[in-house]
Amino acid sequence: MSEEATEPVKVLVTPVKCAYDFTPGQATTKFLRAMEQGKIMGQACDGCGKVYVPPRGACARCGRATSTEVELKDTGTVVSFSIVRVPSENIQVELPYVAANVCLDGADIAFTALMQDCPADEVRIGMRVKAVWLPKDQWTTSMTNIDHFVPLDEPDVPFEKIKEIS
Ligand SMILES: [Zn+2]
């Protein structure tokens, strides 16, 4: 046997696919139906009052139900972010781009969104941002109705005011 044939294989590149069905449940269904109308509906915890968007029906902090509907604006604050420099065949965005965790005004939890119209090295924690929606005729029951976020010309939010947001 040749020396090459006894070398251990260290890297194997193979395509992997994972298809699954997502059952949104009652809280997220309300959220997705509102998205279809261009509205962002969160829910407030019946115990601690924290506002979740997208809602999951229960509070991650105290376990109580989140049954109070809260309509949120499409403006928010970057609470953390990643600069993506690795290409992916599933993402057709010019590199590098920023995946930001955005906490909408009035919410207590952030979600991940694409930042655009801003150089990656200018995105920062505390940056004020606004959603850019797809054209109305493309709206569906999906979070992807919000295509991306862009900077708002407003002063940054001090870290002390957003440090508790996850
Ligand atoms: Zn709570």
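1. Contact here means heavy atoms within 4.5 Å. The model is predicted. With that cut-off, the cover over the buried residues of helix 2 includes strand 1 (40-44), strand 7 (128-133) and strand 8 (146-151).

2. Which residues of helix 2 are buried? They are Ala27, Thr28, Phe31, Leu32, Ala34 and Met35.

3. Helix 2 covers residues 25-36, twelve in number. From first C-alpha to last it reaches 16 Å, close to the 16 Å expected at 1.5 Å a residue. Glycine 38 follows helix 2, and its phi is positive, near 80 degrees.

4. Threonine 28 deserves a separate look. This residue belongs to helix 2. Its relative accessibility is 4%, so threonine 28 counts as buried, the limit being under 20%. Leaving aside residues up to four places away in sequence, threonine 28 touches Phe22, Pro55 and Arg56.

5. Next, the metal site. What coordinates the zinc ion? The donors are the SG atoms of Cys45, Cys48, Cys59 and Cys62, at 2.3 Å. Along the chain, these donors follow the spacing C-x2-C-x10-C-x2-C. Angles among the four donor atoms run from 95 to 127 degrees, and the site is tetrahedral. The class follows because four donors count as tetrahedral if all angles lie between 85 and 135 degrees.

6. Cysteine 45 has a relative accessible area of 5%, so it is buried. Cysteine 48 has 40% relative accessibility and therefore counts as partly exposed. The cut-offs behind these labels are under 20% for buried and over 50% for exposed, with partly exposed in between.

7. Strand 4 (residues 75-84) has pairings to check on both strand 5 and strand 7. How many bridges join strand 4 to strand 5? There are eight, and strand 4 and strand 5 (residues 97-104) run antiparallel. Within this pairing, phenylalanine 81 has alanine 100 of strand 5 as its bridge partner.

8. Strand 4 also pairs with strand 7, again in the antiparallel sense, over three bridges. Threonine 75 stands opposite lysine 130 in strand 7. Strand 7 is also among the elements that cover the buried residues of helix 2.

How values were computed. Residues are numbered from 1 along each chain as its sequence is written. This is a predicted model: local features need pLDDT of at least 70, side-chain atom pairs count only at pLDDT 80 or more; totals for chains, interfaces and linings use all residues. Side-chain values use heavy atoms; hydrogens and water are left out. Donors are N, O and S atoms within 2.8 Å of the metal (3.2 Å for Na, K and Ca); water is not among the atoms, so sites may look incomplete. Four donors count as tetrahedral if all angles lie between 85 and 135 degrees; four count as square planar and six as octahedral if opposite donors are over 155 degrees apart and all others between 65 and 115; anything else is irregular. Buried means under 20% relative accessible area, exposed over 50%, partly exposed in between (1.4 Å probe, protein chains only). Helices (H or I, at least four residues) and strands (E, at least two) are DSSP runs, numbered from the N terminus. The expected span of a helix is 1.5 Å times one less than its number of residues. Two strands pair if DSSP finds at least two bridges between them.
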